[in-house]
Amino acid sequence: MLAAMLPYACVLVLFGAHTALVAGEAGGSHLRWEPRCQRPLTDRMPSTAIRPPHLNGPWISTGCEVRPGPEFLTRAYTFYPSRLFRAHQFYYEDPFCGEPAHSLLVKGKVRLRRLGAQPRLVEELYLGDIHTDRAERRHYRPTGYQRPLQSALHHVRPCPACGLIARSDVHHPPVLPPPLALPLRLGGWWVSSGCEVRPAVLFLTRLFTFHGHSRSWEGYYHHFSDPACQQPTFTVYATGRYTRGTPSTRVRGGTELVFEVTRAHVTPMDQVTTAMLNFSEPRSCGGAGAWSVGTERDVTATNGCLPLGIRLPHVEYELFKMEQDPLGQSLLFIGQRPTDGSSPDTPEKRPTSYQAPLVLCRGEAPNFSRPPQHRPLPQKHPSTGGLRVAPRPLLSLVLGLAFLCWL
């Protein structure tokens with residue numbers, strides 16, 4: 001447990017980024033049948049990975065964090081020019097971080113290893129992810145990231161929790177004001193606010209549409225080969241149904257649902273993925289015929305796409321919650337995926353923590369009009385206007401997963 005908390009046991013990456021609010025009318029060239037609200041992702045102000053990271057100074061949580069278990073905590077780290085560090089971790093009894101339970105003070109030394117609208121600069125520090133299985137944490141080497149810390153000097157404002165966490169110490173843990181909890185009303189379009197990182201070095205963005213009246217859903221999962229989500233590799237469109245939610249007995253404030261995936265389409269977006277699909281076993285991913293870059297194919301009849309780890313039909317036991325941030329933006333939190341790549345396909349494997357939140361970009365969602373099959377997808381790189389075909393040094397690692405993280 002202690003090894004999982006120490007920063008020198010984690011991969012450290014510092015990002016400098018200008019923040020931008022999600023807007024529905026930004027420009028860009030994207031899939032015609034997707035909601036316009038996904039467009040700001042590739043048009044947002046650029047993020048820059050600083051290697052090695054400039055760690056000196058204080059770094060803080062911007063709110064209450066939830067880890068598998070569940071565990072509720074806030075963090076305040078200080079890094080010194082000598083590469084020494086001091087880390088406070090404050091644990092709580094409740095999911096709003098208002099009832100302190102105990103505090104941890106960790107001191108040590110950081111060892112860095114090289115690895116091959118608001119116009120304000122925001123500095124974020126990404127520490128390695130925590131394994132969802134507590135027994136594996138001591139020996140787990142991170143392949144993804146936790147919710148980022150932000151610089152105490154250069155953070156997103158307003159941030160009611162930031163000052164409380166920055167001024168805390170081991171004897172005076174911060175007591176955070178409860179967030180504005182929202183009833184779980186899923187109707188609308190929900191999108192990633194940035195490029196998301198999953199264990200095993202997977203990069204993706206998500207877009208979901210929930211039709212509350214019929215309890216049906218559909219989603220786009222855009223996969224990329226780079227941590228800026230600029231070099232597309234393949235896209236999955238999936239659809240299905242979900243059950244009426246019930247309050248969680250394990251995670252206060254959460255809602256338990258069951259999702260079924262009944263249909264899926266795959267679109268290879270680079271030459272390497274296309275070649276892999278063309279050399280896959282017959283009838284393992286879609287019907288007969290050659291794959292081509294930018295062409296979507298239905299893989300429902302073959303019960304999914306084995307080379308990409310897609311299985312149909314598929315059921316997942318989920319955990320959801322909704323909140324509102326200090327700027328009034330609605331946020332949707334969906335259960336964290338198991339670190340080992342498995343699926344929460346039984347009630348016992350239901351998540352007890354959350355992924356990065358999705359943001360609401362519009363109210364009621366219209367019915368999508370699906371495009372004809374084998375239609376080229378005009379997704380372009382925002383700077384060059386041309387389709388990006390990226391090298392895939394991590395292809396074998398990505399394709400070795402037995403499960404594609406649906407939600």
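**Aromatic rings and their partners**

The charged end of R297 sits over the ring of W291, at 4.7 Å from the ring centre. The model is predicted. Across the whole structure, a search finds 14 aromatic pairs.

**The F208–Y221 pair**
- F208 and Y221 pair edge-to-face. Their centres are 5.6 Å apart, with 80° between the planes.
- F208 belongs to strand β13 (residues 202-211), and Y221 belongs to strand β14 (residues 216-224). The pair therefore ties together parts that are 13 residues apart in sequence.
- F208 counts as buried, because its relative accessibility is 0%, and buried means under 20%.
- Y221 is buried too, with a relative accessible area of 0%.

**The Y242–F259 pair**
- Y242 and F259 form a stacked pair. The distance is 5.2 Å centre to centre, and the planes are 20° apart.
- Y242 lies in strand β15 (residues 232-242). F259 lies in strand β17 (residues 255-268). The pair links distant parts of the chain, 17 residues apart.
- Y242 has 8% relative accessibility, so Y242 counts as buried.
- F259 has 1% relative accessibility, so F259 counts as buried.

**The ring cluster**
- Ring pairs join F208, F210, W217, Y221, Y242, F259 and F320 into a cluster.

**Another charge over a ring**
- R75 lies over the face of Y77. The distance to the ring centre is 5.9 Å.

Technical notes: Residues numbered from 1 in each chain as written. Predicted model: local features only at pLDDT ≥ 70, side-chain atom pairs only at ≥ 80, totals over all residues. Heavy atoms only, no water. Phe/Tyr/Trp six-rings, centres within 6.5 Å; stacked < 30°, edge-to-face > 60°. Helix = DSSP H or I, 4+ residues; strand = E, 2+ residues; numbered from the N terminus. Buried < 20%, exposed > 50% of the residue type's maximum accessible area, 1.4 Å probe, protein only. Lys NZ or Arg CZ within 6 Å of the ring centre and 35° of its normal.
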